[in-house]
Amino acid sequence: MMAEPGRRAVLPHPLHGRDAERALLADAVSGARAGRGTAVLLAGAPGTGRSALLAEAARAAAAEGASGTPGGTPPDAPAGAGSRAGAVTGGGPGPGDGTANGRAAPAPGAARLTVCRTACAESEALVPAAGLHRLLMPLGAWTQRLPAAQTRPLERVLAGRPPSARESFATGVALLRLLAAASAECPLLWCVDDAQWLDETSLRLLGFVARRSAALPVAFLLAADEGAAAERELDGAGVARLAPLDRAAALRVVADRCRAEPAPEAAAEAVDLAGGNPLALVELAAVLDGGGTPPLALPPGSRLRAHYRQRLAALTPGARAVVCLGLVGDRLQVRAALAAAARLGAGPEALDEALGSGLVTVDSGAVTVAGPPVRGCLSADLAFADRQAAHTALAGVLDRASARLPAAVHRLAAAERPSRRLAGELDAAAAAAREAGEPRAAASALERAAEVTVRTDARARWLVAAAADRLLAGESARARDLLRRVLPHGPAPATRALRMLVRGEMELREGVPARAYRDLSAAVTAFPPSQREPAARALMLAGEAGCLAGDFAGYFSLAERARRLRTDDDPPAVRLIHDHFAGMAATFRGNHDEASRSLRQVVRLAAAVREPEATCWASQAAYTLGDADRAHRLAVSSVQQAQELGAVSLVPGALVYQALSALMLDRYAAAETAALDGLRLAGSLGQRNLAVDHLAVLGLLAALQGDGTSAAVRLRTAAHEVASRELGRPSAFGCWVAACVDLVEDRPADALDRFRHMTAGAGQINLAIRGLAAPHFVEAAVRCGRHTKAAGALRGFEHWAVASGSTTRRALAHRCHGLLADGHAAAEEHFREALLLHAAGDTALERAKTELFFAHRLRRARRPGAARGLLREALGIFRQAGARAWAERATAELRAAGDSVGPLAPRGGTRATAELTAQQARICDLVAQGATNREIADLLVLSTRTVEYHLRNIFVRLGVRSRVELVSVIR
């Protein structure tokens, strides 16, 4: 943070996000204690914490054993020198902090260390040797120990006579001798803040000394603006560049500075506005701590804001004009900036001056303001006349074809009075940007248009539209901030409805689905009759919220509304939504013939709509129909469409169906990759509910492979989110996953009990998950002797399988019949039909499970020979798929059938690695890349104990004893 001359730097809070810089300064101090001279320069923008880091280093050094005088008072020093020689100048600590008057007791085992601190002043930057004079004052008494020839140059400086160019070398040597004398008995720490204001003479001499002090117990710690002359003159010093704080550290700064924990949304907005600048975070935290909400700029009394205002005022009129152009231009191409500057009477040299001020930068050929804090501060203080002049200049130079969107904004801003024509041009340009896959550009333009318009209705409409674009681009925090700036009951009905839709969509992805259901349902009726597509989308998202909450009564109510809203002239996008409601509602009710007709229509309409959300909904329809191959292709297409349109927020949802359909196709590696990608993206976007969906899919993937440990870890990871927001669908999904684990571990009674608890957050049975889990329910019920319950579940599942025509589900239905059949002949008929269907559907793992169940039935019918053939084939599939638990069951059945079975996997060599499970193979690959167990756990969403468990099994399977041996085997 910026130091102020004459003020103490007080730091009651820890420094977050600066561990590397703190370690560098601590190493420099330790080096001085050990007799090694070091120079370190902290380079960063104002407010990045330079002063705070220096203050912490000085306090830490003093606390470890500082002495109040450099090496003790010289015997020939004047009276009182001992109390003043170590005094810190220009803003250092006062008495009682261990670096000023008196001596502080050294810490046990620590060398005494003298701390001298000074802060340079801008007013003295042009005064020759002014900085050197401030640096010498704490050591003035020590000059009397030097030979007269070396004392004279230093005394001249202390007397206010700067050295000439011819005297510089002698002065530097004298200063070096002075430091050697002062640090002979006590190491010296010299902290110089705001070194960008050191005059040229002082800076040159300081660099001279720092480069020659390697053998002295002296540490030089300096802080300066990035790019200042100090960086050049201190060539050879270690440079630590203070980058903006990352988001996690920034949130901790805000939390530390607030007496009560701020609302997450308010804290996130403050962090976005601060742009990682620590001083901006502290000043915004003060606003939050007072009960306010984050402003659009730093508060008027902000030190950082005053600094940037002064820096702008110090520029020539031409350079100020360039900064104004950067403020209103938002990534303005250099050629356009120069042309607009010429219209304002500024030449090319004005751009150079503006760049030298650090207020603007050139990045990829575009002039832009240097970071969010600078933009916010300068925009808040920019005069209206200067703003209008910049808009007018840019409107005159930007090409309406190649720069359609920014040209529309500047033309609108430069207009003398509101113009519907210009507003229409902006709306059309924003729509074109969305179609071109640039929702962020559309949002930025609409935000700037909202700032300049005087029409309140247009301002509200553009802010809400910008929020929708930000949300689409994955910037939900920014979208929430924009919605906050629009009163919920003030704007026109269409704007109010869109605001409700955007807010409900955010709540659906990251909040409480029951609340999202209410907001989105209300948005449906808020849209005017002419806006059927956004109203239908609000209806569809409300249905998603109902399913996520497990509120099927609410879903059926929405389906009835969709039926009543349907008209013959609905556009394809609206018809797709109405058909989707009809198909899914019929599926939940068990009317599968009716459902199949509607869902197939959804799949057909997706080709006409060609929009990522519609394609994802079509994927869901195909998955419900059991058409896994088409569902997978549609999900992949939805991901691609979303990426092409910049609709990042839609990708995690499409990846859910990409993973589920890959799972249905027995493509376990592809399913895991899609789910892990979706989990990471959902986490980065703050879409907590979709992250839970992906964790549930990963849990099911592990459970179906018999990996109960991984399945349990993934369910536990999601448990808090499921409970805190009453996520009914993931809760029911978790019951299904746990039941699958119970079945593979031979606990059918526990599995059956799990199914009894498969209720949603709304207290209703989850109809969707119950249908998907029916084959496992039948298996559990049969093994518990509950045949009546099994038969009832099978009837509904078989109706669904036959109506949809799904080969995979028909195979599972026949397998369930085989498990339920009383006679061996009937059972064999159903099992053989199931195997034929499995072969046609190319689902090897499910075929192997059917072979296992069939073989068990044959063995009970005293036909062990026939059973052994099926079991050998099943065992091979289980081994190849990495389903170890299932392989163990097949091995046990083979032995019971009289076959001798070798070890589950050969040891060592490439054959062993080929038979590792998919999870084990991923872990081996990561080990080969040098990943630690903690890193592997984070990447695969496992606990470190689970990774260790898998590694132990890998070592046993491959016959190795260490990670080194493992890498040599798999390579």
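Which residue just after H44 takes a positive phi? The views below lead up to it.

**View 1. The whole protein chain of a predicted model.** Local features need pLDDT of at least 70 and side-chain atom pairs pLDDT 80 or more, while totals for chains, interfaces and linings use all residues. Residues are numbered from 1 along each chain as its sequence is written, and side-chain values use heavy atoms, with hydrogens and water left out. The protein chain holds 49 helices and eight strands (DSSP runs numbered from the N terminus: H or I of at least four residues for helices, E of at least two for strands). Along the principal axes, its C-alpha atoms fill a box of roughly 115 × 75 × 45 Å. Of its 971 residues, 56% count as buried (under 20% relative accessible area, 1.4 Å probe, protein chains only).

**View 2. Helix H44, residues 884–896.** Its 13 residues reach 18 Å from first C-alpha to last, close to the 18 Å expected (1.5 Å times one less than the number of residues).

**View 3. The buried side of the story in H44.** Ala-885, Trp-886, Ala-887, Ala-890, Thr-891, Glu-893 and Leu-894 are buried. An α-helix has 3.6 residues a turn, so residues three or four places apart point the same way.

**View 4. What covers the buried residues of H44.** The cover includes helices H33 (688–704), H35 (728–744), H42 (844–860) and H43 (864–881), with contact meaning heavy atoms within 4.5 Å.

**View 5. Just after H44.** Here is the residue we asked about: Gly-898, with a positive phi of about 90 degrees.

Methods:
Buried means under 20% relative accessible area, exposed over 50%, partly exposed in between (1.4 Å probe, protein chains only).
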